[in-house]
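Reader: I am new to this structure and would like to go through it slowly. Could you show it to me before I begin with my questions?

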Amino acid sequence: MGKTELYSFFKGFLDCVCLCLSRSSDETAGNSGRDTENGHLIYQSGDVLEDRYEIVDTLGEGTFGKVVQCLDHSRGGSRLALKIIKNLEKYRDAAKLEINVLEKIGETDPDKKHHCVQMLDWFDYYGHVCISFELLSLSTFDFLKANNFLPYPIHQIRNMAHQICNAVSFLHDNKVTHTDLKPENILFVNSEYSLVYNTEKKCNERRINDTTVRLVDFGSATFDHEHHSAIISTRHYRAPEVILDLGWSHPCDVWSIGCILFEYYEGFTLFQTHDNKEHLAMMERIQGPVPQRMIQRSRKQKYFYRGRLDWNESSKAGRYVKAKCKPLRKNLLSHGSEHHNFFYLLERMLEYEASKRISLSSALTQPFFLLLQQPRRASKVLRNSCNMSR
């Protein structure tokens with residue numbers, strides 16, 4: 001065999017090896033016909049995984065994969081949720097990190113006192129990481145949507161907010177930042193409701209019967225010692241320090257909770273935008289100018305000119321922001337004390353500077369939660385205020 005023929009042989013051999021490796025690196029099971037082109041497991045109702053989990057229905061789908069409802073034949077046919085991760089390397093790696101967080105939650109909160117969903121089991125199914133959980137109900141966003149985006153009553157917001165703050169405070173105590181808090185990741189345990197006539201809107205509205213919730217989706221949760229990605233959080237719930245590339249830690253979760261609670265209260269998103277500079281303009285319209293210290297430290301100087309946000313209020317985007325946003329307190333739906341206490345809490349959660357933002361352990365002691373935490377003391381305060389008014 002001559003040099004030319006030998007070179008052609010080895011080149012062809014290496015090309016074949018590279019092709020095989022590239023095909024197997026991301027979709028190891030795809031060639032067996034088990035997966036779709038983008039890595040989802042192909043399944044149908046009645047399929048049984050691991051001789052145990054019988055698929056009943058699809059509950060939801062995300063970039064990570066799908067969540068299905070299953071019958072667990074090892075537990076007397078009880079129903080549970082099974083998260084089936086795409087058969088792609090980056091999603092498998094993320095799933096393993098999520099499992100680490102879920103194992104930590106299970107170890108430190110075996111009695112489920114802190115409102116985080118708990119993992120029941122996990123396994124690998126032909127390249128798909130599968131994680132089983134207790135079966136929950138609608139997300140707080142889906143319930144809001146089904147209710148025509150009519151806001152939750154203030155007393156229900158108090159109950160939900162207390163649980164959310166407790167859950168995320170528990171994570172922070174265990175050196176974990178959730179990084180993707182949003183109404184879609186807070187699920188009701190039971191979403192049964194009653195119909196109540198809304199005299200102001202002149203229509204029936206759904207009133208959730210039980211406000212018990214669970215925090216879910218720890219796929220982006222990050223331990224303090226782990227690498228911190230530059231971009232985190234779904235856009236509408238993203239803290240200013242993330243947008244300005246200032247680094248982030250636990251306070252970014254607090255900002256997200258503030259945005260979530262506002263959405264429960266009003267029925268619409270606080271920051272309805274998909275652009276960084278417009279997002280900052282909305283913040284300034286709601287909370288005033290971005291602090292100079294943050295601007296000076298930011299790596300995103302392209303958003304500023306001479307120490308101020310480079311924003312034209314007369315532009316189309318400027319008019320949109322002006323129409324959509326107003327100072328935070330102008331969103332009050334009532335001047336009752338509990339509404340003012342609620343907005344005081346929001347203001348503390350939506351502090352620009354992460355170092356000044358309220359911690360969740362402190363948030364849980366705020367006046368807004370007084371009726372939940374100290375009912376005897378609260379009733380005494382109410383009686384005293386009534387006597388003083390007389």
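Reader: Leaving aside its neighbours within four places in sequence, which residues is Tyr 264 in contact with?
Author: This is a predicted model, and the answer rests on it. Once the neighbours within four places in sequence are set aside, the contacts of Tyr 264 are Thr 140, Pro 151, Tyr 152, Ile 157, Met 160, Ile 164, Pro 183 and Ile 186.

Reader: Which residues of the largest nonpolar core touch the most other members?
Author: The largest nonpolar core holds 88 residues, and apart from it lies another core, of 13 residues, with Leu 49 and Phe 123 among them. Within the largest core, the residues that touch the most other members are Leu 215, Phe 218, Ile 257, Tyr 264, Phe 342 and Met 349.

Reader: Are helices α4 and α6 roughly parallel or roughly antiparallel to each other?
Author: The axes of α4 (residues 154-173) and α6 (residues 251-266) come within 11 Å and cross at roughly 165°. The contact is made by residues including Ile 157, Met 160 and Ile 164 of α4 and Ile 257, Leu 261 and Tyr 264 of α6. Angles over 145 degrees count as roughly antiparallel, and the two helices α4 and α6 are therefore roughly antiparallel.

Reader: In the hairpin of β9 and β10, which residue takes a positive phi?
Author: Strand β9 (residues 193-198) and strand β10 (residues 203-208) run antiparallel and are joined by 6 bridges, with Ile 208 in β10 as the bridge partner of Tyr 193. The hairpin has 4 residues between the strands, and the residue with a positive phi, near 55°, is Lys 202.

Technical notes
Residues are numbered from 1 along each chain as its sequence is written. This is a predicted model: local features need pLDDT of at least 70, side-chain atom pairs count only at pLDDT 80 or more; totals for chains, interfaces and linings use all residues. Side-chain values use heavy atoms; hydrogens and water are left out. A nonpolar core is a set of buried Ala, Val, Leu, Ile, Met, Phe, Trp, Tyr and Cys residues joined through side-chain atoms within 4.5 Å. Buried means under 20% relative accessible area, exposed over 50%, partly exposed in between (1.4 Å probe, protein chains only). Contact means heavy atoms within 4.5 Å. Two strands pair if DSSP finds at least two bridges between them. Axes are lines fitted to C-alpha atoms, for helices over the stretch in contact, and angles run from 0 to 180 degrees between N-to-C directions. Angles under 35 degrees count as roughly parallel, over 145 as roughly antiparallel, 65 to 115 as roughly perpendicular and the rest as oblique.
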